[in-house]
Amino acid sequence: RMKLRIIKPPKRGNCFATLNSGGYLFFSVRAIDEMNIRADRKIIVAHDEFGNLYVKTICESSPEGFNVYVRKNGNCSIYCIRITHLLRNFGACVEKTTRYNLIETEEDFWKVEGLKLKVK
């Protein structure tokens with residue numbers, strides 16, 4: 001009897017988010033796909049006791065969720081959230097555009113690897 005192993009197609013690009021100096025967190029094509037980000041959804045931002053940042057897409061309208069903005073970039077759409085106030089509240093300043101890998105954790109949260117807040 002033959003033993004076959006299915007080879008999955010490679011996932012498109014890396015799962016990452018880019019934070020620009022304007023305080024917008026842009027999501028990569030793969031992140032949009034994996035996190036199910038849509039214009040009619042919201043994104044919850046959370047942090048742990050070490051100041052690590054986490055993001056999670058939610059379907060329901062929640063006052064805790066950040067609005068998802070859609071920007072046209074040529075023939076594709078880019079999805080982002082604006083976290084300027086959150087960064088300011090935690091004393092984090094963004095001087096240059098930085099890309100952060102997104103790592104899947106429990107309960108549909110994704111860790112924004114390397115982006116840390118000063119926890120009060």
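Colleague: What percentage of the 120 residues of the protein chain count as buried?
Modeller: In this predicted model, 38% of the 120 residues of the protein chain count as buried, and the accessible surface of the chain comes to about 8400 Å², of which 50% belongs to carbon and sulfur atoms.

Colleague: How many helices and strands does the secondary structure of the protein chain come to, and where do the helices fall from the N terminus on?
Modeller: There are two helices and nine strands, and, read from the N terminus, the order is β-β-α-β-β-β-β-β-α-β-β. The C-alpha atoms fill a box of roughly 60 × 35 × 30 Å along the principal axes, while residues 24 or more positions apart supply 53% of the contacts that have a separation of 6 or more.

Colleague: How many positive and negative side chains does the protein chain have?
Modeller: The protein chain carries 21 positive and 13 negative side chains, with the centres of the two sets 7 Å apart.

Colleague: How many disulfides does a search of the whole structure find?
Modeller: A disulfide is a covalent bond between the sulfur atoms of two cysteines. In this case the search of the whole structure finds zero disulfides.

Colleague: Is Cys80 buried or exposed?
Modeller: Cys80 counts as buried because its relative accessibility is 0%, whereas Cys59 is exposed, with a relative accessible area of 53%.

Methods:
Residues numbered from 1 in each chain as written. Predicted model: local features only at pLDDT ≥ 70, side-chain atom pairs only at ≥ 80, totals over all residues. Heavy atoms only, no water. Helix = DSSP H or I, 4+ residues; strand = E, 2+ residues; numbered from the N terminus. Buried < 20%, exposed > 50% of the residue type's maximum accessible area, 1.4 Å probe, protein only. Contact = heavy atoms within 4.5 Å. Areas by Shrake-Rupley, 256 points an atom, 1.4 Å probe, with all protein chains shown as cover. Lys, Arg positive; Asp, Glu negative; His and termini not counted. Charge placed at Lys NZ, Arg CZ, Asp CG, Glu CD. Disulfide = S-S within 2.5 Å.
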